[in-house]
Amino acid sequence: EIMQIDKRINKNLLRMSLCIALSGAAVVSTKAQSKIHVDLDYHYNLGFSENKFGHNYGRSDIEMGGHSLRLGARYDVAEKWSVGGGIGLDHYTGDEFNTMPIYATLRYKPFKKLTGAYAFTDLGYAIDPSFGDFYKGFTGKLGVGYTINLAKHFGLNFQVAYDYKDFRNVWYGYISTDTNMPIFYESNATRHSLSLGVGVTF
């Protein structure tokens, strides 16, 4: 009888150990998942300044706009800090430019009580893929945002930022007043915009 009781106790202990181990693994997995975030955002870039071939142009000269779609992933390295990266598709209007930026992102939450508020920066470089008409160049954002959590792993994200874009190897042309012939040359351009974003966070 004593041996049977010992066997029952050992079986119960084994079951309890397995339950504790599985519960612990589930908690660790949940905590790890809660630190990983995926962001999908749309931005409208309201351009207010552009520099090309040595001259600055404002909105009175060029009606500058643009649309941007960004997909990124982040990891919470600390309570207030989050780092990650992503890829985007941008189309700038006025002077037409398409870009595909690959960027790193950094977020900082300065307020304990206002946990949805954060400051952020995105820094990267736009690549020239083998398809389409894309321009290379440095890209950067600096701004603030706010996330409204609607569920455990789902929220709405809002951002306001300064957007800087560098366009490399742009071809320009004009008609010479002396020869009435077209003249083409290669140069770089930069665009400064106010970026207004809305998206979802998982």
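1. Let me start with Y164, which has a relative accessible area of 23% and so counts as partly exposed (buried is under 20%, exposed over 50%, partly exposed in between, with a 1.4 Å probe and protein chains only). Please keep in mind that this is a predicted model, where local features need pLDDT of at least 70, side-chain atom pairs count only at pLDDT 80 or more, and totals for chains, interfaces and linings use all residues. Residues are numbered from 1 along each chain as its sequence is written, and side-chain values use heavy atoms, with hydrogens and water left out.

2. The structure contains 8 aromatic pairs (rings of Phe, Tyr and Trp, the last by its six-membered ring, with centres within 6.5 Å; planes under 30 degrees apart are stacked, over 60 edge-to-face, the rest tilted). One of them joins F138 and Y164: the planes stand at 50 degrees with the centres 5.9 Å apart, so this pair is tilted. It links distant parts of the chain, since F138 belongs to strand β7 (residues 137-151) and Y164 to strand β8 (residues 154-175), 26 residues apart. Strands here are DSSP runs of E with at least two residues, numbered from the N terminus. F138 is partly exposed, at 35% relative accessibility.

3. F154 and F202 make another tilted pair, with 50 degrees between the planes and 5.7 Å centre to centre. Here too, distant parts of the chain are linked: F154 is in strand β8 and F202 in the segment after β9 (182-201), 48 residues apart. F154 is partly exposed at 29%, and F202 is partly exposed at 43%.

4. Two arginines deserve a glance. R70 lies over the face of Y103, 5.1 Å from the ring centre, and R107 lies over the face of Y118 at 4.2 Å. The criterion is NZ of Lys or CZ of Arg within 6 Å of the ring centre and within 35 degrees of the ring normal.

5. On to strand pairing, which requires at least two DSSP bridges between two strands. Strands β3 (residues 65-76) and β4 (residues 81-93) run antiparallel and are joined by 12 bridges. They form a hairpin with 4 residues between them, and S68 faces D90 in β4.

6. β4 also pairs with strand β5 (residues 97-108), antiparallel, over 10 bridges. G84 stands opposite T105 in β5. This hairpin has 3 residues between the strands, and G94 takes a positive phi near 95 degrees.
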